[in-house]
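Subject: Structure handover

Hello,

Here is the structure I promised to pass on. Please open it first, then read the notes below.

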Amino acid sequence: MSKICQITGKRAMVGNNVSHSKRRTKRVFDANLFDRKFYWVEEDCWIRIKVSAAGLRLINKIGLDAALRRAAENGTLRKYTLL
């Protein structure tokens, strides 16, 4: 899968490198992504998610089940990777 957070939908952005002489060249700002395993209590299984730092904070704040439900509604979570 590409460099997209499955919880928040954050993805790589395109911008400019700006040198001291103000010369601009294209560059890519990648999302701060991690591959993490979570234990999903409601389904009694382990899942593997590619999640950003903001997605980890969201999971800590509202819980894994609510975050997965929200991601499925937004369309950012395409599949659960069961182990």
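Helices (H or I, at least four residues) and strands (E, at least two) are DSSP runs, numbered from the N terminus. This is a predicted model, in which local features need pLDDT of at least 70 and side-chain atom pairs count only at pLDDT 80 or more, while totals for chains, interfaces and linings use all residues. Residues are numbered from 1 along each chain as its sequence is written, and side-chain values use heavy atoms, with hydrogens and water left out.

Start with strand 1 (residues 13-18) and strand 2 (residues 24-29). They run antiparallel and are joined by six bridges. Two strands pair if DSSP finds at least two bridges between them. Val-14 faces Val-28 of strand 2 across the pairing. The two strands make a hairpin, with five residues between them.

Lys-22 belongs to the loop between strand 1 and strand 2. Its phi is near 65°, which is positive in a residue other than glycine. Most residues other than glycine have a negative phi. Is Lys-22 buried or exposed? Buried means under 20% relative accessible area, exposed over 50%, and partly exposed in between (1.4 Å probe, protein chains only). Lys-22 has 56% relative accessibility, so it counts as exposed.

Arg-23 is in the loop between strand 1 and strand 2. Its relative accessible area is 59%, so Arg-23 is exposed. What does Arg-23 touch, leaving aside its neighbours within four places in sequence? It is in contact with Asn-17 and Val-18. Contact means heavy atoms within 4.5 Å. Arg-23 and Val-51 are 28 residues apart in sequence, and their C-alpha atoms are 34 Å apart in space.

Strand 3 (33-40) and strand 4 (45-52) pair in the antiparallel sense, over eight bridges. They form a hairpin with four residues between them. Asp-44 is placed in the loop between strand 3 and strand 4. Asp-44 is not a glycine, yet it has a positive phi of about 55°. With 56% relative accessibility, Asp-44 counts as exposed.

Now look at Ser-52, which lies in strand 4. Leu-33 stands opposite Ser-52. Ser-52 has 2% relative accessibility, so it counts as buried. Setting aside neighbours within four places in sequence, Ser-52 is in contact with Cys-5, Thr-8, Lys-10, Asn-32, Leu-33 and Phe-34.

The nonpolar core

A nonpolar core is a set of buried Ala, Val, Leu, Ile, Met, Phe, Trp, Tyr and Cys residues joined through side-chain atoms within 4.5 Å. Which members of the largest nonpolar core touch the most other members? They are Ile-7, Ile-47, Ile-49, Leu-64 and Leu-68, out of 15 residues. Strand 3, strand 4, helix 1 (53-62) and helix 2 are the elements that give two or more residues to this core. In soluble globular proteins, nonpolar side chains tend to be buried together.

Leu-64 deserves a look. It sits in helix 2. Its relative accessibility is 13%, so Leu-64 counts as buried. Apart from neighbours within four places in sequence, Leu-64 is in contact with Phe-38, Tyr-39, Trp-40, Ile-47, Ile-49 and Ile-59. Leu-64 and Lys-26 are 38 residues apart along the chain, and 36 Å separates their C-alpha atoms.

Thr-76 lies in the loop between helix 2 (64-74) and strand 5 (81-82). Where does the side chain of Thr-76 reach? It reaches the backbone oxygen of Ile-7, at 3.4 Å. That is a polar contact (a pair of N or O atoms within 3.5 Å; within protein, one must be able to donate a hydrogen and the other to accept it, and residues adjacent in sequence count only if both atoms are side-chain atoms). Not counting residues up to four places away in sequence, Thr-76 touches Cys-5, Gln-6, Ile-7, Thr-8, Gly-9 and Ala-71.

Charges over rings

A charge sits over a ring if NZ of Lys or CZ of Arg is within 6 Å of the ring centre and within 35 degrees of the ring normal. The charged end of Arg-27 sits over the ring of Phe-29, 3.8 Å from its centre. Lys-37 lies over the face of Trp-46, at 5.6 Å from the ring centre.

Best wishes
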